[in-house]
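The exercises below ask you to read a structural model step by step, and each task is followed by a worked solution.

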Amino acid sequence: MCKDCGCSLTRHNHDHLGAHSHVDSHDHSHDHGHSHEYGASHNSLHGHSELHTNPQLNDKKTLSVIHKILDKNDVEAGHNRAHFEAHNITAFNIMSSPGSGKTTLLENLKEYTKLNYAVIEGDLETSRDADRLIAKGITAYQIQTGSACHLDAFMVHGALHHLPLEGLDICFVENVGNLVCPASYDVGTHKNIVLLSVPEGDDKIEKYPVMFRRADVVFITKCDLLPYFDFKLDEAKAQLKKLNPATQIIEVSIKDGDSMQAVAAWLKDNIRGAQ
């Protein structure tokens, strides 16, 4: 959890429960008694056991506040998931460090899949990423977090009010570029996609393990640059499998149509009802 960055829980006392709560007047009468048999990997800090390993958060009062915040976030995440499921939409949380190619992947994916998708974009400032997607004919809505270095379920809930959900197969939540905080917040998606780009280096896997442990699939991006960087592909794959034996790994380059077809195939295999 963060202590000094913009999403400091103790500083916020989680303002997201107020300013970002997006209280709505429309009817959310869909069934909230939905099940999660569809292999949902919405792994927020259930049990919140990881908090106890942080020496900066070892007093009971602070832990109590954080547990309440995360519990409320999990309730709202369940609400989001029910909303997606009521529209037969599969939601994917896309996480990575800045510059790994999340938006570029989504821009180019349109050429390789017939699945209809929209994107919720998360950045601290500007609407540049959403504007890029909209220019490609992709429905997108931008969340500007201000100082928060992750999206939470309340922010995503608000964004859902601005997206036309009818007819969508997929909603991507492109999280704020950050290898730490986004992994701790369930935003109401069904699967976690994590990108690791070749220029970042293979050492990021063991240095930032929480996110990679939560990944249903890891896209190793910008693989066309492998000849120019000291990125040990086999070692990276071994590290990923050691951390998360169940994760799938796909080598990706937007310049390689076969690799983009592999991304499209993975998505098709992992949408609701595909199993």
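**Exercise 1. Confidence and overall make-up**

What is the mean pLDDT of the protein chain, and what percentage of its residues reach 70 or more?

*Solution.* Begin with the conventions: this is a predicted model, in which local features need pLDDT of at least 70 and side-chain atom pairs count only at pLDDT 80 or more, while totals for chains, interfaces and linings use all residues. Residues are numbered from 1 along each chain as its sequence is written, and side-chain values use heavy atoms, with hydrogens and water left out.

The pLDDT is the predictor's confidence in each residue, on a scale from 0 to 100. Its mean over the protein chain is 84, and 75% of the residues reach 70 or more. Over residues 8-47, however, the pLDDT is below 50, and this stretch has 90 contacts in the model beyond near neighbours in sequence, a contact being heavy atoms within 4.5 Å.

Of the contacts between residues at least 6 apart in sequence, 75% join residues at least 24 apart. Finally, 55% of the 275 residues are buried, with buried meaning under 20% relative accessible area, exposed over 50% and partly exposed in between (1.4 Å probe, protein chains only).

**Exercise 2. The second largest pocket**

Which residues are closest to the centre of the second largest pocket, and which helix gives the most to its lining?

*Solution.* The volume, the space filled by probe spheres set on the points, is about 190 Å³ for the second largest pocket. Of the 15 residues that line this pocket, Gly 99, Lys 102, Thr 103, Asp 129 and Glu 174 are the closest to its centre.

Then turn to the helices: α3 (102-109) and α4 (128-135) each supply at least two lining residues, and α3 gives the most, with three. By residue class, the lining divides into two nonpolar, seven polar and six charged residues.

**Exercise 3. Leu 233 in its surroundings**

Is Leu 233 buried or exposed, and which residues does Leu 233 touch, not counting those up to four places away in sequence?

*Solution.* Locate Leu 233 in helix α8 (residues 233-243). Because its relative accessibility is 17%, Leu 233 counts as buried. Leu 233 touches Ile 220, Leu 226 and Glu 251 when residues up to four places away are set aside. Its C-alpha atom is separated by 8.7 Å from that of Val 198, 35 residues apart along the chain.

**Exercise 4. Positive phi in loops**

Where in the chain is Asn 88 placed, and where is Lys 222 found?

*Solution.* Asn 88 is in the loop between α2 (60-86) and β1 (90-95), and has a positive phi of about 55° although it is not a glycine. Its relative accessibility is 52%, so Asn 88 counts as exposed.

Lys 222 is in the loop between β6 (217-221) and α8, and its phi is likewise positive, near 60°. At 30% relative accessibility, Lys 222 counts as partly exposed.

Notes
On a 1 Å grid over the protein atoms alone, a cavity is a set of points where a 1.4 Å probe fits but cannot get out, and a pocket is an open set with protein on both sides within 12 Å along at least five of seven lines; lining residues have an atom within 4 Å of a point. Helices (H or I, at least four residues) and strands (E, at least two) are DSSP runs, numbered from the N terminus. Ala, Val, Leu, Ile, Met, Phe, Trp, Tyr, Cys and Pro count as nonpolar, Asp, Glu, Lys and Arg as charged, and the others, Gly among them, as polar.
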